[in-house]
Amino acid sequence: MIRHAYVKEHEDTGSSGIHADSTDDEIMAYTASQSSNTRKFPADPPRYWIVFIPDGGDRARLWSVVENRGEISNDGERRIFDLEISAHLADLRNRLVIGWRSPRTWRLTGPTAAGYPVLEIADAQPIPFPGFDRLVLDHEQLQAVMREHRYASWRTALSSVAGIYLITDTSDGRQYVGKADGAESIRQRWGAYATNGHGGNVELRNVDAASFRFSLLRVFDPATPTKVIDEAESHFKLALDSRKHGLNRN
């Protein structure tokens, strides 16, 4: 675990530091550049680094978890690492605040840091609903939409409509056309997929939901007659040929 400090420049090299208005790219570049002095930074750093930024006093706010993909340069003074943002703790970015007991200790091992107290988990910033015709989600994103506070407006929107949806197996391109009608909303139907991956559909039980991509083909007012929605479903199955070359059985 790393807790950055806001400084104008590195004391040892004179290179630029970071500040409260630094961009994510700047913080990433700052994190990727470490001292070649093994007393200051491990000779063989671990795969995942949990990175915090100052939050006033002895508070530290989670910036992100990054994956270390290896050292790419070392000039004897600075080591540069190939880092990328990890999905770990993604829902807690900029929300989790811990107490950092010693401001002089800027990096810790996981077991030591695990004893540091959680001071706050702030409310997530809401994410605006993009609109029904722009909605494209993978399975992991769908699970987040169904459970995280920041997607509350999305769940409200999906609860307000019935409709025809498309599931694409991105591993091979096969498609499944489904519907939500009657008393069932798109939110209810997709909630089942978020829970078990297949939503009770026999055709999807043996397919890895991690490769699924969800989108909407057409939405309807919940009062729309079931016959109208059935006809739309049949149209899209024919148009996309999802019975013969896709995942629909009927």
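This note goes through helix packing, nonpolar cores and a few individual residues in a predicted model.

1. On the α3 side the contact is made by H139, L142, Q143 and M146, while α5 contributes R187, W190, G191, Y193 and A194. Sorted by class, the residues in this contact are five nonpolar, three polar and one charged.

2. The largest nonpolar core has 25 residues, and those with the most contacts inside it are L142, L158, Y165, I167, I186, W190 and Y193. Two or more residues of this core come from each of α3, α4 (152-159), β9 (162-169), β10 (175-180), α5 and β11 (212-220). Setting aside neighbours within four places in sequence, L158 is in contact with F132, L135, V145, M146, S185, I186, R187, W190 and L216. Another core, of 14 residues, lies apart from the largest one and includes I18, I27, I53 and F81.

3. In helix α1 (residues 24-32), the buried residues are I27, M28, Y30, T31 and A32. The cover over these buried residues includes the strands β2 (33-35), β3 (48-54), β4 (59-74) and β5 (78-85). I27 is also among the residues of the 14-residue core mentioned above.

4. Not counting residues up to four places away in sequence, L108 touches M1, W100, A113 and Y116. L108 and I50 are 58 residues apart in sequence, and their C-alpha atoms are 9.7 Å apart in space.

5. Two backbone values are worth checking against the model, given that most residues other than glycine have a negative phi. N94, in the loop between β5 and β6, has a positive phi near 65 degrees, and this residue is partly exposed, with a relative accessible area of 44%. D241, in the segment after α6 (226-239), likewise has a positive phi, near 55 degrees, and is partly exposed, with a relative accessible area of 32%.

Methods:
Residues are numbered from 1 along each chain as its sequence is written. This is a predicted model: local features need pLDDT of at least 70, side-chain atom pairs count only at pLDDT 80 or more; totals for chains, interfaces and linings use all residues. Side-chain values use heavy atoms; hydrogens and water are left out. Contact means heavy atoms within 4.5 Å. Helices (H or I, at least four residues) and strands (E, at least two) are DSSP runs, numbered from the N terminus. Ala, Val, Leu, Ile, Met, Phe, Trp, Tyr, Cys and Pro count as nonpolar, Asp, Glu, Lys and Arg as charged, and the others, Gly among them, as polar. A nonpolar core is a set of buried Ala, Val, Leu, Ile, Met, Phe, Trp, Tyr and Cys residues joined through side-chain atoms within 4.5 Å. Buried means under 20% relative accessible area, exposed over 50%, partly exposed in between (1.4 Å probe, protein chains only).
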